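Student: I would like to go through the labels attached to this structure and ask, for each one, what it rests on.
Tutor: Then let us set each value against its cut-off and draw the conclusion from there.

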Amino acid sequence: MNDETIKDKDSGPAHDVSVCGTDCAACRCRGTLCKGCSACGGKVFHAGGGVCPIYSCVKERRGLSDCGRCGQLPCGIWRSTRDPAFTDAEFERSIAERIKTLSDIRRTEGAEHGGR
C-alpha cells in the first residue's frame, strides 16, 4: 500500500502521521529534508539512504499500518533510532508524545466505527 498517511484498511486516512507516531506536519524536517516516511516508502534522510528500521519493521516485517498496532511499543528499534540531538528527557518526551498520538488515532478510529 502506498499511502501518505496512516490508514486503517477500513477507514481511510487518519492523520499526517508517520508509522512511529511522529506528526509529519509539525516536524521541523518536513519539506526540504523529508516528505514524511509514508510518502517516501520509509526512505527518509536520516536512514542513510536505506529504509528506516522502524518503517521496515512495521510495514515490511509485521504488515501493520503503524507501531500503535504492535504489542511491543516502544521497542528496541525505537530506542536504537534515537535522534542524537535529543537530550535524554527530550527523547523520552518524544516517545511519550508518539505513543499518545498513536493511541489517539486508535481511539478516534474506534469512535468512528462505533467502538469496534
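Tutor: In this predicted model, a search of the whole structure finds seven salt bridges.

Student: What makes Arg30 and Asp16 a salt bridge?
Tutor: Their closest N and O atoms are 2.8 Å apart, and because the cut-off is a side-chain nitrogen of Lys or Arg within 4 Å of a carboxyl oxygen of Asp or Glu, the pair qualifies as a salt bridge. Arg30 and Asp16 both sit in the loop between strand S2 (12–15) and H1, 14 residues apart.

Student: Why is Arg28 called exposed, whereas Asp83 is called partly exposed?
Tutor: Exposed means over 50% relative accessible area, and partly exposed lies between that and the 20% under which a residue is buried. Arg28 has 62% relative accessibility, so it counts as exposed, while Asp83, with a relative accessible area of 23%, is partly exposed.

Student: Why is Asp66 called buried?
Tutor: Its relative accessible area is 0%, and buried means under 20%, so Asp66 belongs in that class. A polar atom of the Asp66 side chain lies 2.7 Å from the backbone nitrogen of Gly68.

Student: How do you know that the buried residues of H1 line one face of the helix?
Tutor: The buried residues in H1 (residues 53–61) are Ile54, Tyr55, Cys57 and Val58. Seen down the axis of H1, they fall within an arc of 165°, so they line one face, and the face turned away from that buried side carries the exposed residues Glu60 and Arg61.

Methods. Residues are numbered from 1 along each chain as its sequence is written. This is a predicted model: local features need pLDDT of at least 70, side-chain atom pairs count only at pLDDT 80 or more; totals for chains, interfaces and linings use all residues. Side-chain values use heavy atoms; hydrogens and water are left out. Buried means under 20% relative accessible area, exposed over 50%, partly exposed in between (1.4 Å probe, protein chains only). Helices (H or I, at least four residues) and strands (E, at least two) are DSSP runs, numbered from the N terminus. The arc is that of the directions from the helix axis to the C-beta atoms. A polar contact is a pair of N or O atoms within 3.5 Å; within protein, one must be able to donate a hydrogen and the other to accept it, and residues adjacent in sequence count only if both atoms are side-chain atoms.
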